[in-house]
Amino acid sequence: MAHFDEHVEVIPETKKKVKVPKKYKVILLNDDYTTMEFVVFVLETIFHKTPAQAKGLMLAIHNTGSGVAGVYSHEIAETKVAIVTETSKANEYPLRCVMEEE
C-alpha cells in the first residue's frame with residue numbers, strides 16, 4: 001500500500017488564457033485592365049482555389065468590385081498581398097490586393 005505524506009501542499013491549477021491571433025482577410029480589388037483569366041490564375045496558384053472556386057470568386061470580384069481570396073494570420077496575409085502584387089507587376093497587370101483585419 002502506498003504511503004502519502006500529509007504535509008504535501010497542493011497548489012491549485014491556474015488557467016492560462018491563450019490569446020487567439022487576429023485573422024486578416026486578403027481582398028482582391030476589381031479593375032478595368034486585369035483579365036479575368038489572370039485573376040483566376042492568381043486565385044488558383046497563390047490562394048490554392050479549385051478552378052470552379054477561382055472562377056466563381058473572380059466573377060464575384062468582377063461584379064461587386066472586390067472579393068475575399070482568403071483569411072490568414074497577419075504574416076501570411078502580408079506575404080500573400082506581396083506575392084499578388086509582384087506577380088501582377090511581372091505580368092503587367094494593375095491587379096490590387098489589400099488586407100484588413102477580420
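This is a predicted model: local features need pLDDT of at least 70, side-chain atom pairs count only at pLDDT 80 or more; totals for chains, interfaces and linings use all residues.
1. Phe38 is buried, with a relative accessible area of 6%. The two labels differ because buried means under 20% relative accessible area, and partly exposed lies between that and the 50% cut-off.

2. Those two residues sit on one helix. Phe38 and Phe41 are both in H1, 3 residues apart, which is about one turn of the helix. Their rings make an aromatic pair, with 5.9 Å centre to centre and 35 degrees between the planes. That pair is classed as tilted, because planes have to be under 30 degrees apart to count as stacked and over 60 to count as edge-to-face.

3. How many aromatic pairs does the structure hold? There are 3 of them. Tyr93 belongs in this picture too: with Phe38 and Phe41 it forms one aromatic cluster.

4. Now the largest nonpolar core, which has 21 residues. Leu28, Leu43, Phe47 and Val84 are the members that touch the most others. Two or more residues each come from strands E1 (24–29) and E2 (66–72), and from helices H1 (36–45), H2 (51–64) and H3 (74–90). H1 gives the largest share, 5 residues.

5. Leu28 is worth a click in the viewer. Leaving out residues up to four places away in sequence, Leu28 touches Val39, Leu43, Ile61 and Val84, among others. Its contact list also includes Gly65, Ser66, Gly67 and Ala69, as well as Leu95, Arg96 and Cys97. Two of these partners, Leu43 and Val84, are named with Leu28 among the core members that touch the most others.

Notes: Residues are numbered from 1 along each chain as its sequence is written. Side-chain values use heavy atoms; hydrogens and water are left out. A nonpolar core is a set of buried Ala, Val, Leu, Ile, Met, Phe, Trp, Tyr and Cys residues joined through side-chain atoms within 4.5 Å. Buried means under 20% relative accessible area, exposed over 50%, partly exposed in between (1.4 Å probe, protein chains only). Helices (H or I, at least four residues) and strands (E, at least two) are DSSP runs, numbered from the N terminus. Contact means heavy atoms within 4.5 Å. Rings of Phe, Tyr and Trp (its six-membered ring) pair if their centres lie within 6.5 Å; planes under 30 degrees apart count as stacked, over 60 as edge-to-face and the rest as tilted.
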